[in-house]
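Me: I would like to go through some labels used for a protein model. Please set each value against its definition.

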Amino acid sequence: MGDWQNFDNRAVIGRALRLRQEIDDFEARWPTPVAREETLPAFTWAQLERQLVDLAATPAQASMARHLVSGTRKLAPFKPSEMVLREILCMTWVLLDENFKSEQEAGSTEMI
């Protein structure tokens, strides 16, 4: 059991190091501006999810919104706010893309 625990610890550390590298790369590309800028209006994660579900192109994409928002929300405290914004924009793009097919959808259309 000790070996599995060490493996799990290494996996967690590896994920944390990859996240740190992703953040460092992002901040190197887009440094935080020194001057104070006007901010966006505040909204909640629940409001974001509700709007993404409503905007989604298909019911399958609408059901994906909850999982995508949840994953983004869990890591958001560790990332720069602009990086979280970028992830939200990418998430929105996927959910609005009428041509996007999940693996399940892609498999079901091939069987027809």
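Me: Why does Leu40 count as exposed?

Reply: Leu40 has 63% relative accessibility. Exposed means over 50% relative accessible area, buried under 20%, and partly exposed in between (1.4 Å probe, protein chains only). The value of 63% is over the limit, so Leu40 counts as exposed. This is a predicted model, in which local features need pLDDT of at least 70, side-chain atom pairs count only at pLDDT 80 or more, and totals for chains, interfaces and linings use all residues. Residues are numbered from 1 along each chain as its sequence is written, and side-chain values use heavy atoms, without hydrogens and water.

Me: Where is Leu40 found?

Reply: Leu40 is in the loop between α1 (2-29) and α2 (45-55). The chain has 5 helices and 0 strands; helices (H or I, at least four residues) and strands (E, at least two) are DSSP runs, numbered from the N terminus.

Me: Which residues form a nonpolar patch on the surface?

Reply: Leu40, Leu85 and Leu89 form the patch, with about 310 Å² of accessible area together. Areas come from the Shrake-Rupley method with a 1.4 Å probe, and for residues only the protein chains shown count as cover. Patch residues have over 30% relative accessible area and no salt bridge; nonpolar side chains (Val, Leu, Ile, Met, Phe, Trp, Tyr) are joined within 5 Å, like charges within 9 Å. A salt bridge is a side-chain nitrogen of Lys or Arg within 4 Å of a carboxyl oxygen of Asp or Glu.

Me: What makes Phe26 and Trp30 a tilted pair?

Reply: The structure holds 1 aromatic pair. The ring centres of Phe26 and Trp30 are 5.0 Å apart and the planes are at 45 degrees. Rings of Phe, Tyr and Trp (its six-membered ring) pair if their centres lie within 6.5 Å; planes under 30 degrees apart count as stacked, over 60 as edge-to-face and the rest as tilted. The pair is therefore tilted.

Me: Are these two residues buried or partly exposed?

Reply: Phe26 has 9% relative accessibility, so Phe26 counts as buried. Trp30 has a relative accessible area of 27%, so Trp30 is partly exposed.

Me: Why does Lys79 count as buried?

Reply: The relative accessibility of Lys79 is 12%, so Lys79 counts as buried. Lys79 lies in the loop between α3 (59-75) and α4 (81-96). Leaving out residues up to four places away in sequence, Lys79 touches Leu19, Glu22, Ile23, Val84 and Glu87; contact means heavy atoms within 4.5 Å.
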